[in-house]
Amino acid sequence: MQLNGITLTGYSVGDDQAIFELSGASLAAALALSGATLTITQDGETVEVLTGWKVKTLDDRGKTLRMTCVRDDGDETGEASAEGSAVAAFARIAVLSLDATDDQAVSMAALYPEWSGDGVGYTAPASIVMHGGALWRCLQTHTSQADWAPGAAPSLWSRIDLAPDGIRVWRPPTCAEDAWNQGDRCHHPGAAGTIYESLSNGNYTEPPSRFWRAVEA
């Protein structure tokens, strides 16, 4: 079974509470279901359509994520706000412990913290932050300071740029750590552009050039 495109291993729906067991779902994907129309399908056929539910708790059980939902009656009470804040806080804490790939990070972008220059310890390559409306991955473990912001310190941070198909969008390298290596693929000049594959390590050139070859998607 599937729930809005996510593998569903089991579920139960009562009058005031619904529980869904999701397989392989990110916290961001689960949170995005809050308030959405929930469509359960099996072998391409619609089994059930549910509306009026919001996420109350998320319980990470390894490969399975248990999502508990309650009726969304539109009552903006302090208690409801507290529950929503608690779930969001849990998700933000949990995402920091993940060894996320670039495409996984993009899917959870809203959960990553803003970069801070106030002496925060960042670890390469696990630390991912938001800055200037973009995601950045740490290239060198360091303790932050105000003039080492992503974009201003290219040896410390690499911008995560992905097209919808998960392939990076070409951008000019700013240092050796940021250069394109053999086998790296990119879209050029934008996300809808031709896909090129780098033919060498430490590639600073812009496609098309003899250091790149065009490839099929």
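Which residues touch the most other members of the largest nonpolar core? In this predicted model, local features need pLDDT of at least 70 and side-chain atom pairs count only at pLDDT 80 or more, while totals for chains, interfaces and linings use all residues. Residues are numbered from 1 along each chain as its sequence is written, and side-chain values use heavy atoms, with hydrogens and water left out.

A nonpolar core is a set of buried Ala, Val, Leu, Ile, Met, Phe, Trp, Tyr and Cys residues joined through side-chain atoms within 4.5 Å. Buried means under 20% relative accessible area, exposed over 50%, and partly exposed in between (1.4 Å probe, protein chains only). The largest core has 28 residues, and Leu3, Phe20, Leu22, Met67 and Tyr112 touch the most other members. Elements that each supply at least two residues of this core include strand S2 (6-13), helix H1 (27-31) and strand S7 (64-71); helices (H or I, at least four residues) and strands (E, at least two) are DSSP runs, numbered from the N terminus. A second, separate core of ten residues includes Trp115, Ala134, Cys138 and Ala149.

Contact means heavy atoms within 4.5 Å. Beyond its neighbours within four places in sequence, Met67 contacts residues including Leu3, Phe20, Leu22 and Val55. Thr68, in strand S7, is buried, at 11% relative accessible area. With residues up to four places away in sequence not counted, Thr68 touches Gln17, Ala18, Ile19, Lys54, Val55, Lys56 and Thr57.

Turning to helix H3 (residues 102-107), Asp102 lies there and is partly exposed, at 23%. Asp102 and Trp136 are 34 residues apart along the chain, with their C-alpha atoms separated by 9.5 Å.
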